[in-house]
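Thank you all for making time this morning.

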Amino acid sequence: MKVMNWKRAVAATLVAAGCWAPSFVQAANLPLSDPSFEAYALSSGGYAYANVYRPTSGWVGNPDGTGPLDGGFNASNWIYDSVYAEGSTLRGAPRTGTQAMHGRGQYSAQESSAVFEAGKTYTFSIFAQGDHNSAIIGDNITGPGWDSRVWLYLYDGSKPFSEAGSLTYGRYSPAGDRFNQNNFVNRTPGSTAAQSRALWQQISISWTVQPGAAEIGKPIGVAFWSASDNCLDDASLSATPEPSSAILAGLAGISLLSTRRKRS
């Protein structure tokens, strides 16, 4: 009976670690400030730059120092509402709630209250959609591509943000430019708000923290760079334990349990 119980405990540990059932490894959601860009309430048909929506929103404008910190008109990414989205230029209709973020070729970033831990994979995700009139810049041979492209970043939040200093970063855009990534789409000209809400696609970037890594115990920093015809909504941050870490933790617990039973 004791042998069978031990076998069951090990099997349960392996299942929890995802070795026999990988889909069972659960990602834990981590806190972000203002993930859906609703913290600062706009008046109907309105929009606001970082000098207005900060510090109500946790998204810092131009954290890398390349532009004015929390800049004003045309100097930061900006938020807009569902009424503004249906103007002469069709923006992405907010996926949830009534507000979303629009790019201006600037960075936005924040530090989570959570910290990096060894043996976990961290994933920063956000939903993206381009304006209906987004275009490919330049000759599509040497140019930067779609003016609705996005870059995502994960970084050590204890240090000032910079692209070069980030732990990982990546580019995302619609198909058709010279990069042909096909990560999301631009809003269809003439589409309704309901049709636009169905077009949002989630993009993600991940980073696995290795044992002894310098970022362990440091705040998790997330950031995005959004081009001038890009819309973003519903950001999220999650952590998933690596199977090996889950196995070790589970087996350690079984060993401790076994020791206690022997002593009793």
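I will speak about the core, then the strands, then the salt bridges, and finally one serine.

Please keep in mind that this is a predicted model, in which local features need a pLDDT of at least 70 and side-chain atom pairs count only at pLDDT 80 or more, while totals for chains, interfaces and linings use all residues. Residues are numbered from 1 along each chain as its sequence is written, and side-chain values use heavy atoms, with hydrogens and water left out.

Let us begin with the core. A nonpolar core here is a set of buried Ala, Val, Leu, Ile, Met, Phe, Trp, Tyr and Cys residues joined through side-chain atoms within 4.5 Å, and buried means under 20% relative accessible area, with exposed over 50% and partly exposed in between, using a 1.4 Å probe and protein chains only. The largest such core has 31 residues, and among those with the most contacts inside it are Phe-124, Leu-152 and Val-222. At least two residues of this core come from each of α2 (50-53), β7 (120-130), β10 (150-156), β12 (201-208), β13 (219-226) and β14 (230-241). Those labels are DSSP runs numbered from the N terminus, where helices are H or I with at least four residues and strands are E with at least two.

Now for the strands, which we say pair if DSSP finds at least two bridges between them. In a regular strand the side chains alternate between the two faces of the sheet. Strand β4 (residues 78-81) has Trp-78 and Tyr-80 pointing one way and Ile-79 and Asp-81 the other way, and all of them are buried. With strand β2 (residues 47-49), β4 pairs in the antiparallel sense over three bridges, and there Tyr-49 stands opposite Trp-78. With strand β5 (residues 99-102), β4 is again antiparallel, over four bridges, and Met-101 is the bridge partner of Ile-79.

Elsewhere, five strands form an open sheet with antiparallel pairing, in the order β3-β6-β13-β10-β11. Because β3 (60-61) and β11 (168-172) stand at the edges with a single partner strand each, one side of each is left without a neighbour in the sheet. The partner strands β10 and β11 are joined by five bridges, and Trp-151 stands opposite Arg-171 in β11.

A salt bridge means a side-chain nitrogen of Lys or Arg within 4 Å of a carboxyl oxygen of Asp or Glu, and how many does a search of the whole structure find? It finds seven. In one of them, Arg-171 meets Asp-177 at 3.1 Å, N to O; Arg-171 is buried, at 10% relative accessible area, and Asp-177 is buried as well, at 4%. Another joins Arg-95 to Asp-234, with the closest N and O atoms 2.7 Å apart. This pair links distant parts of the chain, since Arg-95 lies in the loop between α3 (82-85) and β5 and Asp-234 in strand β14, 139 residues apart. Arg-95 is partly exposed, at 31%, whereas Asp-234 is buried, at 8%.

I will finish with Ser-134, in the loop between β7 and β8 (136-137). Is Ser-134 buried or exposed? Ser-134 is buried, with a relative accessible area of 11%. Leaving aside neighbours within four places in sequence, Ser-134 is in contact (heavy atoms within 4.5 Å) with residues including Trp-146, Asn-186 and Asp-229.
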